[in-house]
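Subject: Structure handover

Hello,

Here is the structure for you to look at. My notes on it follow below.

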Amino acid sequence: MCAASLIWFRDDLRLADNPAFAAATRHGAVLCLFILDESPGRRPLGSATRWWLSRSLDALTGDLAGCGAELVLMRGDPATLIPRIVAEADVDLVTWNRRYEANAVALDRNLKHELTEAGVTVRTFNAGLLNEPWQVETGSGTPFKVFTPYWRAARARGEPPAPAPVPGRFESLRLPRALKSLAVDLAALALEPTAPDWSGGLRAAWTPGEAGARDALGRFLDGAIAGYGPGRDRPDRESTSRLSPHLRFGEIGARQIWHAVRTALHAGALPGQPADAEMFLSEIGWREFSYHLLFNHPELATRNVNARFDAFPWRRDDDALRAWQRGETGYPIVDAGMRELWTTGWMHNRVRMIAASFLVKHLLIDWREGERWFWDTLVDADPANNPASWQWVAGSGADAAPYFRIFNPVTQGEKFDPDGAYVRRWVPELNELPGPSIHSPWTLSAEKLAAAGLRLGRDYPQPVVDLQAGRRRALDALASLKPG
DNA sequence: TTTTGAGTTGTTCGA
DNA sequence: GTCGAACAACTCAAA
């Protein structure tokens, strides 16, 4: 019989620098498979990532078609589907790129064991990370809990391997007739919203897929990476890479980004700004650190890393939570961010910190509420980044953030959106307010508000909480936690 | 084992 | 308007 292999695509929806895909093509005729993972215990994707996934699968289908191959789609539990496919299709090699969520790790491990017992070769790879979570450890062999030493140790391991090109010609394997009934078409996965279709803003903002990821990286290296150091804090500018959703689904890998940045730096294409490049690479480092945390804290999305926070006096306030979600808190920079999120499925990183801090500190609402909302609405909602970042903001995570770091949305707005251009874009009802006063409309006189055609409480909300009082309440709540 | 320096992203107050 | 200090104490990582 002829050699046949199965590549199981998951969070690695690309053809270049995809080691599992490359290994499958080298082995024999390849069956390309994606399963919408509905295994028990798997956290369902949020609405925005479902939309992205749909578009990304569509792109991957096209890219594979260009190689004369077909992407087979299924839904259900991979633990039962894959052995069945392997047996029916007479596959003798199965490959995939590793995942790091606890339930996915367990599923993959059991499946590998079962297939190996059945005489099938299973090969697994790292496609998404510079270093896998267990590869970076302290001198005493324990996981890191602080970013800076983690990143130092990661860097000390040297350059990541150079990315591999798209494999050359390969033979594709068709799905056996007996399995046809398991395959579904993309529409049947029902990943995209229909009634109503709210995805217009997402479509306008993004091009999911490997080619879209490549373009985004190219644009960033040609533009915003110069001056990234200070520029990345400016939501009023196109100052970040916008690669996060592409990374989320592995349309591009960290190794590819790393080497593209280094190459541009060496070629002198980044005019005298190694510091900007370094700053950007450290953002990739934060993603790596988040995966390190997720792997070592499997319940990162639901449990405080710092158990002392289990006693934190969170408030339940459904009205305030709803105001935050809808971008109606009365604090313009927060509302702008939440509306950018709602419209485009993405929010500038600086504004994420401000909006998250506002929910957790000023409103004293449990970080898990925010994490869940972001999980549902962000196109880049990532199982490691999202919970790790929320815990970082809340102070319950593994970091050294001083307790008194409470972002003031007015100060932050004046500092990082000095002309109010970002607020004007997403909160158009404030458009006529003059200069920096746009960040604190409640301080304006009735005359000035009227001149801008604005009545607070009708055209735009009164602040949902007083900043001074909210800050005081958060500090008191933090002080109530017993020292560990 | 003990010690020591350090820890992403801030705000406020008073001189 | 600008600037430095204060804001807790703790934990981490490495020597």
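E1 and strand E4 (residues 93-97) run parallel and pair over three bridges, where strands are DSSP runs (E) of at least two residues and helices DSSP runs (H or I) of at least four, numbered from the N terminus, and two strands pair if DSSP finds at least two bridges between them. Within this pairing, Leu6 has Val94 in E4 as its bridge partner.

This is a predicted model, in which local features need pLDDT of at least 70 and side-chain atom pairs count only at pLDDT 80 or more, while totals for chains, interfaces and linings use all residues. Residues are numbered from 1 along each chain as its sequence is written, and chains are lettered from A and ligands numbered from 1 in the order in which they are written.

E1 also pairs with strand E2 (residues 29-37), again in the parallel sense, over six bridges. There, Ile7 is opposite Cys32 in E2. Strand E1 (residues 4-9) has five of its six residues buried, so it is largely enclosed by the rest of the structure; buried means that 20 or more other C-beta atoms, placed from the backbone, lie within 10 Å of the residue's own.

On the helices: the axes of H3 (residues 78-89) and H4 (residues 102-117) are 10 Å apart, and the two pack at an angle of about 25°. H3 and H4 are therefore roughly parallel to each other, a label for angles under 35 degrees. In their contact (C-beta atoms, placed from the backbone, within 7 Å), residues of H3 including Ile82 and Val86 meet residues of H4, among them Leu107 and Leu111.

Regards

Conventions:
A residue is buried if 20 or more other C-beta atoms lie within 10 Å of its own, exposed if 12 or fewer, and partly exposed in between; C-beta atoms are placed from the backbone. Axes are lines fitted to C-alpha atoms, for helices over the stretch in contact, and angles run from 0 to 180 degrees between N-to-C directions. Angles under 35 degrees count as roughly parallel, over 145 as roughly antiparallel, 65 to 115 as roughly perpendicular and the rest as oblique. Two residues are in contact if their C-beta atoms, placed from the backbone, lie within 7 Å.
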